[in-house]
Every structure is written in C-alpha cells, then in structure tokens.
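Here are my notes on one helix and its surroundings. Please read them with the model open.

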Amino acid sequence: MRYAPAHQVTPPHEEQRLLRTALSAGDAALLEEVVELRARNEQLGQALASRAEIDQARGMLMALAPCSSDRAWELLVDVSQHCNIKLRDVAAALVATTEDQMLPQPIGRELRQALRHFQATGRG
C-alpha cells in the first residue's frame, strides 16, 4: 500500500510564495523551518510505506535463493544499482508478481543474473 498523506501538503510553489510574503525575518525563518519539516515528514512517510514492500521482497528472495535476510538485501541493492532503479521500485515490482503482474524486463534480467551468480558462488 502506498503512503497517502491524511491532509493536502502545501505545494512547493505556494510555500515559496508564503516565504516571500512573510512579514518579518522571524516569520520567514519559521516558515522556512515548516517547509523543511514538511519535506522531511513526507520523505519519512514514503520510507515507511516502502519498508513493508522491501521486507516482502527480501522474504521472496530468501525463499528463492535460499539466503539470509542480509544477502537478500544485497541482491535487491545489486539489482537496483544495475538497473538504475530505486530499490523501493525494484521491491514493489517483485512483490507485484504475486498479483500476476509481470516483472519488468530489466529487473527480471538483472535478478536472474544475480541469482545465478549467487547460486554458482554461494556469495553473489
């Protein structure tokens, strides 16, 4: 499940307008801090939302390889780096295969290669 904020976050262009029209330096500093905290909060929300999918993908790799949780993480990182796709997106694509969705070709190709290498060497 994807993270959906409970309320509408002020768009960046509106936040910038608020900063420009602040009445005093103190107000501007406060508004700048609010903007920064909102951005950080959004990033944390996205990280929490993707954590479950990443953990599911790790479990899938642990069953496929079989391997440890740490090694499954390394396999996901390798695929992510070789495909130049964010790790959370690789994990989401892998988990989506449980709902009859096809694994994108670049991810599937890199994952097969990483698993073959892991099985051949026992280390990846």
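At what angle do the axes of α3 and α4 cross?

1. The model is predicted: local features need pLDDT of at least 70, side-chain atom pairs count only at pLDDT 80 or more, and totals for chains, interfaces and linings use all residues. Numbering starts from 1 along each chain as its sequence is written, and side-chain values use heavy atoms, with hydrogens and water left out.

2. The axes of α3 and α4 cross at roughly 110° and come within 9 Å. Axes are lines fitted to C-alpha atoms, for helices over the stretch in contact, with angles from 0 to 180 degrees between N-to-C directions. α3 is therefore roughly perpendicular to α4 (65 to 115 degrees).

3. On α3 the contact (heavy atoms within 4.5 Å) uses Trp73, Leu76, Val77, Val79 and Ser80. Leu87, Val90 and Leu94 supply the α4 side. The residues divide into 7 nonpolar, 1 polar and no charged. Here Ala, Val, Leu, Ile, Met, Phe, Trp, Tyr, Cys and Pro count as nonpolar, Asp, Glu, Lys and Arg as charged, and the others, Gly among them, as polar.

4. Helix α3 covers residues 69-83. Helices are DSSP runs (H or I, at least four residues), numbered from the N terminus. Its buried residues (under 20% relative accessible area, 1.4 Å probe, protein chains only) are Arg71, Ala72, Leu75, Leu76, Val79, Ser80 and Cys83.

5. Asn84 lies in the loop between α3 and α4. At 73% relative accessibility, Asn84 counts as exposed (over 50%).

Key: Helices (H or I, at least four residues) and strands (E, at least two) are DSSP runs, numbered from the N terminus. The expected span of a helix is 1.5 Å times one less than its number of residues. Angles under 35 degrees count as roughly parallel, over 145 as roughly antiparallel, 65 to 115 as roughly perpendicular and the rest as oblique.
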